[in-house]
Amino acid sequence: MSQNILRLENITMQFGGVVAVDDLSLEVNEGEIVALIGPNGAGKTTAFNTITGVYEPTNGQVSFMGEPIVRNHPQGKMKQSYKGKEAEKFLSAPVLDPTPDKITKLGMARTFQNIRLWKSQSVFDNVLIAKHMLRTSNVFSATFRLNRAEEARQREEVMELLRIVGLEDVKDELATSLPYGKQRRLEIARALATEPKLLMLDEPAAGMNPQETDELTEFIGRIRDEFHMTILLIEHHMDLVMDISDRIYVIDFGELIATGTPDEIQNNQRVIDAYLGVEEDA
Amino acid sequence: MKKKTIGKEYLFTVVILLAALAVTMLLDSRLPGYHIVIKVIKKASVYSLVAVSMNLLNGFTGLFSLGQAGFMLLGAYSYAVLCIPVDKRAGVYQYFDGGVVKFSLPEVFAGFLGDKVGSAVGMILALLVGGVIAAFFAYLIGLPVLRLKSDYLAIATLGFAEIMRTIIQWNAIGPLTNASNLLRGYPDFGSATAYLLLIGVFIACIVLLVNSTYGRAFKAIRDDEVAAEAMGINLAHHKRLAFVISSFFAGIGGGMLAMYMGAVAAMSFKSSMTYEILLLVVIGGIGSITGSVMTSFLYIASLEWLLRGLDTGKFLGIEAPGLFKNGFRMAVISVIIMVVVLFFRKGIMGDRELPDLFRRRRKGGEKK
């Protein structure tokens, strides 16, 4: 049995009166590619943001490598207005609310739906900056170049990474001058530079044409094999999801409606209804 | 492994810097200390340091802070208080029984290091103490205000600077700060070369910092805070670090400004001083250290020296006492600044540095 990497338990995210994610529980095991899919506005990105520390969930717990890292229960005004389930479950346990950088340091790196590269930096520097969190130097040793060995090693590692993802020849160009598909690759390379155990991709194929999507599918598969990476991804492109996912979770209106292998999902009536819509009444 | 070679552009840069130093040394030996050129070099180098320290925060980390004058004030007062000779204290602190500080750092060190070396060491130490005090206040202020963004941060830091100016003039702490009276009589480095060298060392530290892994993290925060945080950069820690370091150098700059002015009063560290420095940063290019330094020298030279004639009735051989009256040079320099801003939208240097000027441009914006 392979090791459990990520586990969500009863994650609920309520904004005011709107429950964006409702009692979501899921698991990602080592070496798997797991996809989280759902129609527009289903709460996929919100779920993603509660895992990465951008939002504090209203209720529920996220565990990483067996350790709880995010935990909350309805507090203050939310106690009265809470509409989700399992409000009592985490009441006695202490609240955990780390900032995104702490979560990344634990070994979870993400990419963004709308690419967020550092605009004024070169391709090489974009990846190199991601290595900053692995430094052992402090501000004095870094300023006065007492960390030469570490700096040199990190530069080597960045070059190696760029070679693997095929961006070696454009390493000195401005990150934003790259074509769209390459910017996506760079963002993934940047996430890999933090040496994560879990890679989280937020709609990696957004805005891509079919050919670029095919290349990306092949690329993600290659990342998994070469880095022995566990991947959780959100995606709209069904071909990509069906091609590479080991397991799929489907959510609609914040609720989990189905889970299973790609074949099972493709034949699941509730999923088909959610995507195509069902006739009311009749 | 590739063998590392020093590029031509760095060689040129070193040559230019050494030439500037040589010219200053020559001027120092030929001209008397009160000559306007010497004064311009001194004041401009002080302004360079302060502008670069502000650029570190506003240009490289993307934090729009307007507290610079407040931190300079702290540095200036620390320097003055620590350096006034003991026998002059009774005269300076005439309303406060000679003040509470009963020693003078340059004199203490002169005691066992000899007059010349000792006082220089004492003076530099006093400058550093001023920097540390400014940095300490920055740390305290930073805890609450660095949660704010853009304009709100600017207003909060501006408020801090104004509060500092008022507190320093408070009678209750008069024995330490001499309240609203002048602090004077403290020593000065006589030569412009000393100013240039000292400032050069401090600016070099900032350059090294900006190009280190921390400097890259600062730029990442400037470019995209959300992405920086997602890549494991602790925002609160790094913003505070940039704020504290910037204030440290602003404090040193303030100490040297006090040294240059010969007498210091809290009154002169108004918010308009911060705006003047902000102007240097913007005109020079936000995110360009070379730009800040160059603009400081150009600005101070034109204001204090080249355009003086506009105030005294005669300029470039034109005599027009009716028009060239007191204050006319300020009008002219404002027009010049407006024209510069119109033609150089990103400042004179943009985000380029001195070595970049010697790099041959390649197609597609590719750098060597």
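Start with chain A, which splits into two domains: domain 1 covers 1-107 + 196-282, and domain 2 covers 119-194. This is a predicted model.

**Stop 1: the two domains.** Colour domain 1 and domain 2 of chain A separately. Their C-alpha centres lie 28 Å apart.

**Stop 2: where the domains touch.** How many residues of each domain are in contact? Domain 1 of chain A brings 14 residues, and domain 2 of chain A brings 10 residues.

Now select α3 (100-106) and α8 (210-227) of chain A. These are the elements that give two or more residues to the side of domain 1 that touches domain 2. Which of them gives the most? Pick α8(A): its share of that side is 7 residues, the most of any element.

Next, colour this side of domain 1 of chain A by residue class. You will find 8 nonpolar, 2 polar and 4 charged residues facing domain 2 of chain A.

**Stop 3: chain A against chain B.** Bring chain B into view. The contact between the chains takes 32 residues from chain A and 25 residues from chain B.

Stay on chain B and select three helices: α9 (192-210), α10 (213-223) and α11 (225-230). Each supplies at least two residues of the side of chain B that touches chain A.

**Last stop: the classes on chain B.**

Terms used: Residues numbered from 1 in each chain as written. Chains lettered and ligands numbered in written order. Predicted model: local features only at pLDDT ≥ 70, side-chain atom pairs only at ≥ 80, totals over all residues. Domains from an automatic or database assignment. Contact = placed C-beta atoms within 7 Å. Helix = DSSP H or I, 4+ residues; strand = E, 2+ residues; numbered from the N terminus. Nonpolar A, V, L, I, M, F, W, Y, C, P; charged D, E, K, R; others polar.
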